[in-house]
Amino acid sequence: MVLLRIRTRDGTERLECADGAGGGENDVVKTISDVKDLISKQPWGVPVENQSLSLDPSLLLRTSSENADETKTKTKKEVVVLSPRKTLKSLQLKHGDIVYMTYPDSIEREVTKMRVNVETKPFGAKRTIEEMISKQVRIGRQERGNVASVSFCGHAANMFQSYVNNTLGFKQSRFGWLYGTKTKRKKEKTEEEKEKEKSKDAGSKKKEKDEEEGKEDEMITELFADVIYEPNQNGNAYVAHVDEEDEESQTAEAIANAMGYERIGCVFSQSDVDRGDESVSAMSAHEVTLCAKLQAKYGKEFVTVIVVQFEDEDEEMQVTFEAFQVSDQCVKLYEDGFFELDEKTGVAKLPASSSAGIAKEEKEEEEEEGSSFSNWGSHTKLVKPVMVERKDVTEVDNDFWIVAVPIKDHTGTAQSGFPIENRLHPPQTADDIRSAIQSRSATCSSYAEKLRDFHLLLFLSKQMDKNDVLAIAESTNDYIDGGDVSEGYKVLIDAIAGIA
């Protein structure tokens with residue numbers, strides 16, 4: 001069963017769509033047409049012919065019209081209305097995703113009202129302080145993250161920080177997706193736990209052993225990031241604006257998966273701009289809510305790595321990588337709508353001076369609305385009160401949400417040295433393919449091993465059919481077991497690279 005959230009101007013409704021996982025094919029929702037039919041059957045639904053569905057929230061800004069084909073909004077931006085023939089799979093719609101719906105103002109529908117559990121008490125009954133406190137959302141710190149550590153391929157990390165430091169000079173934020181692998185292992189006891197165990201008597205040890213026999217071993221997850229993909233982006237001193245759904249990003253995801261990797265996190269640099277009060281916290285409100293959004297979308301083991309510049313004891317500038325997650329409670333409150341967020345981005349608003357990279361129409365609209373960007377600093381604003389250290393507050397210190405994750409390093413399984421995409425320089429050319437293949441001849445035993453380079457394969461996907469590149473990427477994952485790229489692909493790649 002796939003749950004879609006249907007957001008309209010009147011609120012958000014839940015739509016349960018059968019996906020056929022149970023074996024039955026009846027009423028399985030596969031296309032947007034099926035979604036529309038299912039919506040029309042709900043108590044809150046509207047007729048199919050009056051529905052306009054989109055994945056773009058700008059749909060809700062459309063001027064009032066009964067024409068379901070109209071696609072112009074107040075922001076003068078084209079909104080893609082979903083075709084009934086589109087499949088949920090092609091749109092990559094997953095459990096919990098939001099679909100936006102509009103319908104003519106003349107249509108009246110019954111809006112679902114949330115059930116509120118009202119506690120009934122006899123007249124004159126009193127409530128104790130303990131009962132009142134139990135009704136509050138109390139904010140607490142989470143001691144450990146959901147992963148034990150994240151390890152970076154040394155070359156990938158160095159290439160990212162080198163570009164941020166030497167080319168951008170830490171004047172502009174830079175963003176990248178982390179692709180790698182996850183491993184799970186049995187949790188080992190800490191030295192403190194071992195010392196406590198030694199001090200216990202024989203009776204206590206036997207009792208604990210009997211209790212542990214029925215329990216499963218506690219497993220911990222370790223992440224290994226081999227690749228950093230830097231998508232096409234517009235960056236400024238505060239943030240890098242990235243389109244997750246553009247064609248190159250989707251191709252990059254497919255190539256990484258074919259190589260045996262999955263998306264395990266993200267990395268971005270913090271510029272050296274003066275951020276005022278934010279300096280007392282490792283992350284701004286914008287960055288905290290971005291982490292919460294990404295962990296809600298990609299899972300609790302998703303990590304965020306920040307590259308920062310600092311002055312050491314000798315007054316020399318150094319670069320460091322710091323890994324974080326936000327607490328499970330932070331993610332839950334984000335999903336429950338506790339945070340004050342920008343409706344368009346789903347994260348805390350940015351300073352007014354950070355408008356670079358934002359569409360001109362959107363910038364003008366924000367200025368007209370007189371948007372406040374005070375949510376950038378060291379505290380995160382909420383729209384509902386919570387309890388922190390026995391006080392009702394609507395602003396929470398960001399340090400309450402942040403959980404540090406240990407960083408390690410390793411030698412990745414992918415090749416390196418090929419120029420990285422979407423950078424100012426150096427540009428990627430066919431000559432780089434030739435140089436990479438020829439320079440690896442002495443160290444690589446097979447053609448597949450020479451091509452096990454994410455950035456090379458992504459560039460190759462712009463020169464060849466993408467399906468062929470995915471097949472090549474899969475073969476690079478098998479070279480350890482003796483697999484290799486087929487002869488036809490070798491001849492084609494050599495021709496592109498100009499290798500005689």
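Author: The secondary structure of the chain comprises 14 helices and 16 strands. The model is a predicted one. Of its 500 residues, 41% count as buried. The accessible surface amounts to about 27,700 Å², and carbon and sulfur atoms hold 47% of that surface.

Reader: What share of the contacts between residues at least 6 apart in sequence joins residues at least 24 apart?

Author: The share is 72%.

Reader: Why is Leu 3 called buried?

Author: Its relative accessible area is 14%. The term buried applies under 20%, and therefore Leu 3 is buried. Leu 3 is found in strand β1, residues 2-8.

Reader: Which residues does Leu 3 touch, leaving aside those up to four places away in sequence?

Author: Leu 3 touches Arg 14, Leu 15, Glu 16, Lys 94, His 95, Gly 96 and Asp 97. Arg 14 is 11 residues from Leu 3 along the chain, and their C-alpha atoms are separated by 6.7 Å.

Reader: What makes helix α7 roughly perpendicular to helix α8?

Author: The axes of α7 (residues 285-298) and α8 (residues 328-335) cross at roughly 85 degrees and come within 9 Å. Angles of 65 to 115 degrees count as roughly perpendicular, so α7 is roughly perpendicular to α8.

Reader: Which residues of α7 and α8 meet?

Author: From α7, the residues are Val 288, Thr 289, Ala 292, Lys 293, Gln 295 and Ala 296; from α8, they are Cys 330, Val 331, Tyr 334 and Glu 335. By class, this contact has six nonpolar, two polar and two charged residues.

Reader: Why are β15 and β16 called edge strands?

Author: The open sheet has eight strands in the order β15-β12-β11-β10-β6-β7-β5-β16, and its pairing is mixed. Both β15 (402-405) and β16 (407-410) pair on one side only, and they are the edge strands. From one strand to the next, the twist averages 35 degrees.

Reader: How do you know that β12 and β15 pair?

Author: Four bridges join β12 (residues 317-326) to β15, and the two run antiparallel. Pairing requires at least two bridges, so β12 and β15 pair. Ala 323 has Val 405 in β15 as its bridge partner.

Reader: Which strands does helix α3 lie across?

Author: Helix α3 (residues 154-167) lies across β5, β6, β7, β10, β11, β12 and β16. Its direction is at about 75 degrees to β5 (149-153).

Conventions
Residues numbered from 1 in each chain as written. Predicted model: local features only at pLDDT ≥ 70, side-chain atom pairs only at ≥ 80, totals over all residues. Heavy atoms only, no water. Axes fitted to C-alpha atoms, helices over the stretch in contact; angles between N-to-C directions. Parallel < 35°, antiparallel > 145°, perpendicular 65-115°, else oblique. Contact = heavy atoms within 4.5 Å. Nonpolar A, V, L, I, M, F, W, Y, C, P; charged D, E, K, R; others polar. Buried < 20%, exposed > 50% of the residue type's maximum accessible area, 1.4 Å probe, protein only. Areas by Shrake-Rupley, 256 points an atom, 1.4 Å probe, with all protein chains shown as cover.
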